[in-house]
Amino acid sequence: MLLTNKHIRQFALFYCGCFILNFSWLAYNRITFVGLQPVFFISRLDFTRNLLMLTDLQHLLLGNSIICWLFDIIYVGLPVLLTIAVYKDVRSKTLIAICTAAFSLIYGSFISAVCYMSPELFVGFIFIPILFSTDSLKTFYYYLHCLRFLFILIFVSAGLWKIKQAGLFNIEEMAGILLYQHNGYIISNDHDWYTRIIYSLIQYPAIAYLFYFIGTCIELLFVAGLFTRKFDTILIVAFFLFILFDLLLMRINYFSWTAFMGCFYFSKFHLYDDRNDENVNVSA
């Protein structure tokens with residue numbers, strides 16, 4: 001199957017849909033600048049965040065509802081504008097794509113400094129817009145596969161880290177993680193159904209470890225994507241199972257990373273006709 005401009009537009013719609021759903025979840029949980037109305041920022045050993053803070057932009061957000069509204073509107077508006085630009089194939093889509101990626105980096109760095117969310121959760125919406133910064137199908141094709149490899153390396157490294165830290169060899173590891181992750185919730189909701197489930201997993205660490213082991217196996221499974229694209233559909237299903245159980249057990253929402261799954265779905269399309277290995281007309 002050959003890659004066409006139609007597939008690029010489909011990817012753009014998929015990316016925009018993932019973004020809107022994720023931002024809706026953030027807005028529902030008031031994890032936006034308007035919802036949080038930040039009064040302080042948390043600094044940490046983060047080169048990107050500290051570099052951005054040298055601009056003193058963070059002080060404009062503190063206690064300034066107009067700037068907070070502006071940040072949230074721009075953050076939502078740019079991906080929508082980019083999708084429209086890709087769909088209509090306007091000349092300015094390259095500039096819009098770069099601005100979308102850059103502002104997503106700024107937004108993710110600053111919003112993670114005023115709430116419990118990690119800046120890593122915004123990685124998908126930082127890198128995916130770069131795909132649409134080119135007018136060339138060939139460049140898009142190579143960008144897509146570069147991002148696919150990037151995701152695989154990040155995801156597999158998480159599994160390797162569990163091995164290096166010996167967590168995979170400790171049957172009580174997951175029980176300890178659950179206790180640490182949900183200690184505040186357990187204390188304040190000691191009779192809640194979710195608390196009872198977490199308590200049960202903590203009391204039976206072998207069952208909790210089973211989820212930990214399966215999650216690690218899913219992460220390591222993606223190493224197959226470095227050598228072949230034949231299993232990309234299986235990897236997509238495995239990833240959705242991973243984020244589902246991560247949300248249910250850890251209450252960590254990795255849905256923003258689903259935008260990367262477009263790279264796995266569209267990886268099956270080729271630039272050349274495999275029958276004669278010659279360039280073909282790949283326009284929509």
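A residue counts as buried here when its relative accessible area is under 20%. Keep that cut-off in mind as you move through this predicted model.

**Stop one: Phe 19**

Start by selecting Phe 19, which sits in helix H1. Its relative accessibility is 0%, so Phe 19 counts as buried. Now show what surrounds the side chain: leaving aside residues up to four places away in sequence, Phe 19 touches Tyr 75, Val 76, Pro 79 and Phe 125. Phe 125 deserves a distance label. Phe 19 and Phe 125 are 106 residues apart along the chain, yet 7.3 Å separates their C-alpha atoms.

**Stop two: the nonpolar cores**

Next, select Ile 128, Phe 132 and Phe 222. These are the residues with the most contacts inside the largest nonpolar core, a set of 68 residues. Colour helix H8, residues 137-164, as well: H8 contributes 9 residues to this core, the largest share. In soluble globular proteins, nonpolar side chains tend to be buried together.

Stay with Phe 132 for a moment and display its neighbours. Beyond the residues up to four places away in sequence, Phe 132 is in touch with Ile 8, Phe 11, Ala 12, Tyr 15, Leu 82, Val 86, Lys 93, Ala 97 and Phe 140.

**Stop three: the largest pocket**

Colouring the lining by type gives 25 nonpolar, 8 polar and 6 charged residues.

**Stop four: the second largest pocket**

Move on to Asn 5, Ile 8, Asp 89, Lys 93 and Asp 135. They are the closest to the centre of the second largest pocket, which is lined by 13 residues and has a volume of about 180 Å³. Helix H1 (5-28) and H8 each bring at least two residues to this lining, and H1 gives the most, with 3. By type, the lining splits into 6 nonpolar, 3 polar and 4 charged residues.

Most residues other than glycine have a negative phi. With 51% relative accessibility, Asp 89 counts as exposed.

Now jump to Gln 37, in the loop between helix H2 (33-36) and helix H3 (47-53). Gln 37 also has a positive phi, about 45°, although it is not a glycine. Its relative accessibility is 33%, so Gln 37 counts as partly exposed.

**Last stop: the cysteines**

Finish by selecting the cysteines. How many disulfides are there? The count is 0. Cys 99 is partly exposed, at 35% relative accessible area. Cys 115 is in no disulfide either, as the nearest cysteine sulfur, that of Cys 68, lies 13 Å away. Cys 115 has 15% relative accessibility and therefore counts as buried.

Note on methods: Residues are numbered from 1 along each chain as its sequence is written. This is a predicted model: local features need pLDDT of at least 70, side-chain atom pairs count only at pLDDT 80 or more; totals for chains, interfaces and linings use all residues. Side-chain values use heavy atoms; hydrogens and water are left out. A nonpolar core is a set of buried Ala, Val, Leu, Ile, Met, Phe, Trp, Tyr and Cys residues joined through side-chain atoms within 4.5 Å. Buried means under 20% relative accessible area, exposed over 50%, partly exposed in between (1.4 Å probe, protein chains only). Helices (H or I, at least four residues) and strands (E, at least two) are DSSP runs, numbered from the N terminus. Contact means heavy atoms within 4.5 Å. Ala, Val, Leu, Ile, Met, Phe, Trp, Tyr, Cys and Pro count as nonpolar, Asp, Glu, Lys and Arg as charged, and the others, Gly among them, as polar. On a 1 Å grid over the protein atoms alone, a cavity is a set of points where a 1.4 Å probe fits but cannot get out, and a pocket is an open set with protein on both sides within 12 Å along at least five of seven lines; lining residues have an atom within 4 Å of a point. Grid points are joined across faces, edges and corners, and a volume is the space filled by probe spheres set on the points. A disulfide is a pair of cysteine sulfur atoms within 2.5 Å.
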